[in-house]
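Thanks for coming, everyone. Please bring up the sequence and the structure side by side.

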Amino acid sequence: MSELPESVRPAVLTYPQAAEYLGISQGRLRNLKWMRQGPRSVTYGKRDIRFRISDLDEWLDLKAGVTSSPEPARKRPKRPRRGVAPLGVFFALILIALLMWVLGL
């Protein structure tokens, strides 16, 4: 994108302008936004989406490793498998069988 003086430089860019500013295709920018991995955007209505230049610069710095990346989301704990009895239940059954054998029941 051609360099504009600060007084004429727009605050927000459209998809084609933002893609050119980032050096990627418009489709790639749309895909990154859809996957929630792209730069933040500003919405004017339902379909008019723009990108702040400061957000584009921040995203580029993040991708280049200049700034620290946000902490990854924590995964919730896995649920227990079905059909696998916990060891406590297994040992309790063995203990009951052993007591019944010792007592002669």
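First, some ground rules. This is a predicted model, where local features need pLDDT of at least 70 and side-chain atom pairs count only at pLDDT 80 or more, while totals for chains, interfaces and linings use all residues. Residues are numbered from 1 along each chain as its sequence is written, and side-chain values use heavy atoms, with hydrogens and water left out.

Now the layout. The protein chain has 4 helices and 3 strands. Helices (H or I, at least four residues) and strands (E, at least two) are DSSP runs, numbered from the N terminus. Along the sequence, the pattern reads β-α-α-β-β-α-α.

How much of the chain is buried? Of its 105 residues, 14% count as buried. Buried means under 20% relative accessible area, exposed means over 50%, and partly exposed is in between, with a 1.4 Å probe and protein chains only. Next, contacts, meaning heavy atoms within 4.5 Å. Take the contacts with a separation of 6 or more: residues 24 or more positions apart account for 38% of them.

On to helix 1. Which of its residues are buried? They are Tyr 15, Ala 18, Ala 19 and Leu 22. Look down the axis of helix 1: these buried residues fall within an arc of 100°, so they line one face of the helix. The arc is that of the directions from the helix axis to the C-beta atoms. Here is the background. An α-helix has 3.6 residues a turn, so residues three or four places apart point the same way. What covers the buried residues of helix 1 includes strand 1, helix 2, strand 3 and helix 3.

How do helix 1 and helix 2 pack? Their angle is about 100°, and their axes are 9 Å apart. Axes are lines fitted to C-alpha atoms, for helices over the stretch in contact, and angles run from 0 to 180 degrees between N-to-C directions. Helix 1 and helix 2 are therefore roughly perpendicular to each other. The cut-offs: under 35 degrees is roughly parallel, over 145 roughly antiparallel, 65 to 115 roughly perpendicular, and the rest oblique. Helix 1 brings Tyr 15, Pro 16, Ala 18, Ala 19 and Leu 22 to the contact, and helix 2 brings Gln 26, Leu 29, Arg 30 and Lys 33. These residues divide into 6 nonpolar, 1 polar and 2 charged. Nonpolar covers Ala, Val, Leu, Ile, Met, Phe, Trp, Tyr, Cys and Pro; charged covers Asp, Glu, Lys and Arg; the others, Gly among them, are polar.

Follow the chain past helix 2. Arg 36 sits in the loop between helix 2 and strand 2 (42-44). Its phi is positive, near 60°, and Arg 36 is not a glycine. Is Arg 36 buried or exposed? Arg 36 is exposed, at a relative accessible area of 79%.

Now helix 3. Its buried residues are Ile 53, Asp 55, Leu 56 and Trp 59. Seen down the axis of helix 3, they fall within an arc of 160°, so they line one face of the helix. They pack against strand 1 (12-13), helix 1 (15-22), helix 2 (26-34) and strand 3 (48-52). After helix 3 comes Gly 65, with a positive phi near 85°.

Leu 13 is in strand 1. Leu 13 is buried, with a relative accessible area of 0%. Leu 13 and Leu 56 are 43 residues apart along the chain, and their C-alpha atoms are separated by 9.5 Å.

Phe 51 is in strand 3. Phe 51 is also buried, at 0% relative accessibility. Leaving aside neighbours within four places in sequence, its contacts include Leu 13, Tyr 15, Leu 29 and Leu 56.
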